[in-house]
Amino acid sequence: MEDDVCIRDLEKDIGGSKAVNTLSQRVKLKNGVVETEVHMKEVHTKDDVCIRDLEKDFDGFKAVNNLSLRVKHGEIYGLLGPNGAGKTTAIRILCGLLRPSSGEIFVLDVKLPDPGVAPHVGYMPQELALYRGLTVHENLEFFGEVFGLTKQQIATREEALLKLVDLQAFRDSLIDQLSGGMRQRISLACALLHEPQLLFLDEPTVGVDPDLRASFWRYFEELRDSGITILITTHYMDEARHCDRIGFMREGRLLAEGSPQELLELTHTDSLDDAFLACCPIEGPQ
Amino acid sequence: MKVSRVFAVTKRVLRDLKNDRRTLVLIFVAPILVMTIFGVAFAGNVKDVRVVVVNNDTAAANSSLSDKIVSNFDTSVLNVAYSNSASDAIGQVQNGSAYAVIVFPSTFTQSVEARAAGQTSIPQENVTISLLADKSNVNVADAIIAAVNNAVVQTTQGQGHQPPVSVDSSNAIYGANAQFIDFFVPGIMSVAVWQLTTLLTLISFVGERTSGTLSRLLASPLKESELVAGYAVAFGAIGATQAAVLLAVGVLLFNINIVGDVLLAFGVIALLAIVSEGLGILLSNLARRETQATQFLPFIILPAFLLSGVFWPIEAIPTWLRPVCYILPPTYAVEAVRSVTLRGWGLDKISPDVVALLIFAGVFLVLATILLRRRE
């Protein structure tokens, strides 16, 4: 039978890391049905985040327990779990705000801690993290200056970001005068101003109404499509279906991982809520 | 350290202030108000105290020494009333309408003149003016005693009786025409800047911690030292401006004496503001919320107000307590600014105070940076 597609020993090197390593694939047509046969010795896409055996101990309380995960370049990875699962602790360690008790972390191929990473990472903390007494413009300008952007760069990006979050009319309003949802959008804009390659979003949709949550996920997908890698935490299971991959966390541990579809199939459930409960029973990990 | 990032922080702090009218008022109007209240009400001189004179002196009016003494009373200090009986006069003190009773004995003029003529047999009580004062108010009592003594000295000199010894204090080395307000303004300037800067940085930094902005900044390329330095530049500038405004109001309203270089005084105040800023950031480590931060207020305000020489010189504080004065940064600023404005001293002469402030600033800023850099 003839092969319609045949790949042999394909390799693709991206920035020193092998995205495709010795991939062989044949696609055959058999009775009109596509049948694929894949021989992959080792397939790597570039990992923007790689965590190995991370532990974080707060006075005997293990907030993060033996966590290992990888976030691939250009994907939205959702870290899901109830409050207190260790998601925020993990993100704060990735941002260099907490020191891990043990384990290794690589961010953008650099082993942490390393001050060279900060300029390429955007971080939206769980708290508002804006100066309420400053205007939208003054906040954006300040964070731009902190990241070393020029006046011109700040002006261009500010305009584009305010358009993205649809708040052009509020450029000169004080943060104090904005609604909660508007503030949340400005907080996101501040995290994006310096065009980071990697975005850490800690519960960005908490306290945000359903309409705005939908538009937030639209922004995130747009950003992903433009090549930005996103690690996002949330405890809203339903919105996690927008993620490319999900990790379920409870009590500091990563208990299951996969695409939303894979997790549904694995647990024979119809919703991620049920999938989470199936993977992470309340009694704790088995 | 990157200067552009330091100035980004400075600009941020100043903008926050610009948009916050209430805090602006606090920074500039409150110290002026305090200075004015103290300057007007507490000028240091006791005035218009009612005293009752009981003049039993039987000498004729034109030759009466007691009348001359009373006429020499400083009427701005003493408000003189008369009574014929000592018991009535004492009653006035007892019911609170007067502060002292001044009693002249019946043969006063005659006895004084006899003594001056060389008669040694005159009893002492015949030449003694009894001053029965309500000494419950020390300042008032002291002022009455001084006024009466001055009048006695003036009168006896007018009579041609020269005292055997005299002291001439009319030529001053420094502060020839200094009033209490001249002494007070440098003090209140230093303490106002100390309190407001410590409080503002403390509250502002607790805000950075609770609002999450500090997390955002520490996850950015901004270094901890740049953050601390940016705050220091902002509050140094604000402190110097506060000092300038206060001094200007002092000159316009109270016509205070300034004999030295005001720019040097502003520099000292700016340095004190940087010390206070370091302390504010340090204290922010101990507060989880803004309300907790305000609990530090008495500890920041009271010791500096009472022990750094604003109202009373360090020399008036018991020696065992003085070490406390010398661990308070405002003590050095008060002393230095006073030396500049009243004595006209230059940097060379105030350098011990400046060095002390530099050491405080260095220790506080470095500690603040180290604590910010610490990761749990």
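Mentor: In this predicted model, the contact between the chains takes 23 residues from chain A and 21 residues from chain B.

Trainee: What makes up the side of chain B that touches chain A?

Mentor: Helices α1 (3–18) and α8 (213–218) of chain B each supply at least two residues to that side. The most comes from α1(B), with six residues. By residue class, the side of chain B that touches chain A holds eight charged, seven polar and six nonpolar residues.

Trainee: How do you know whether chain B is spread out or a compact globule?

Mentor: Chain B has 15 helices and four strands. For its 376 residues the globule rule gives 21 Å, whereas the radius of gyration is 28 Å, well over that value; therefore chain B is more spread out than a compact globule. Its C-alpha atoms fill a box of roughly 95 × 45 × 40 Å along the principal axes.

Trainee: Which domains are assigned in chain B?

Mentor: The assignment gives domain 1 (3–42 + 179–373) and domain 2 (49–158). The centres of domain 1 of chain B and domain 2 of chain B, taken over C-alpha atoms, are separated by 50 Å.

Trainee: Which residues have the most contacts inside the largest nonpolar core?

Mentor: They are A:A189, B:M189, B:I269 and B:L272, in a core of 147 residues. Helix α7 (residues 180–211) of chain B contributes the largest share of this core, 16 residues. Leaving aside residues up to four places away in sequence, B:M189 touches B:A243, B:L246, B:L247, B:I269 and B:V337. Another core, of 28 residues, lies apart from the largest one and includes B:V101 and B:F104.

Trainee: Why is A:D59 called exposed?

Mentor: A:D59 has 4, so it is exposed. A:D59 lies in the loop between β4 (47–58) and β5 (61–72) of chain A. Its phi is near 45 degrees, a positive value in a residue other than glycine.

Trainee: Why does A:N66 count as partly exposed?

Mentor: Exposed residues have 12 or fewer such neighbours and buried ones 20 or more, with partly exposed in between. A:N66 has 14 C-beta neighbours inside 10 Å and therefore counts as partly exposed. A:N66 is placed in strand β5 of chain A, and the phi of A:N66, near 55 degrees, is positive in a residue other than glycine.

Trainee: What makes the peptide bond from A:L112 to A:P113 cis?

Mentor: Its omega is near 0 degrees. A:P113 itself is in the loop between β8 (110–111) and β9 (121–124) of chain A.

Terms used: Residues are numbered from 1 along each chain as its sequence is written. Chains are lettered from A and ligands numbered from 1 in the order in which they are written. This is a predicted model: local features need pLDDT of at least 70, side-chain atom pairs count only at pLDDT 80 or more; totals for chains, interfaces and linings use all residues. The radius of gyration is taken over C-alpha atoms; the globule rule is 2.2 Å times the number of residues to the power 0.38. A nonpolar core is a set of buried Ala, Val, Leu, Ile, Met, Phe, Trp, Tyr and Cys residues joined through C-beta atoms within 7 Å. Two residues are in contact if their C-beta atoms, placed from the backbone, lie within 7 Å. Ala, Val, Leu, Ile, Met, Phe, Trp, Tyr, Cys and Pro count as nonpolar, Asp, Glu, Lys and Arg as charged, and the others, Gly among them, as polar. Domain bounds come from an automatic or database domain assignment.
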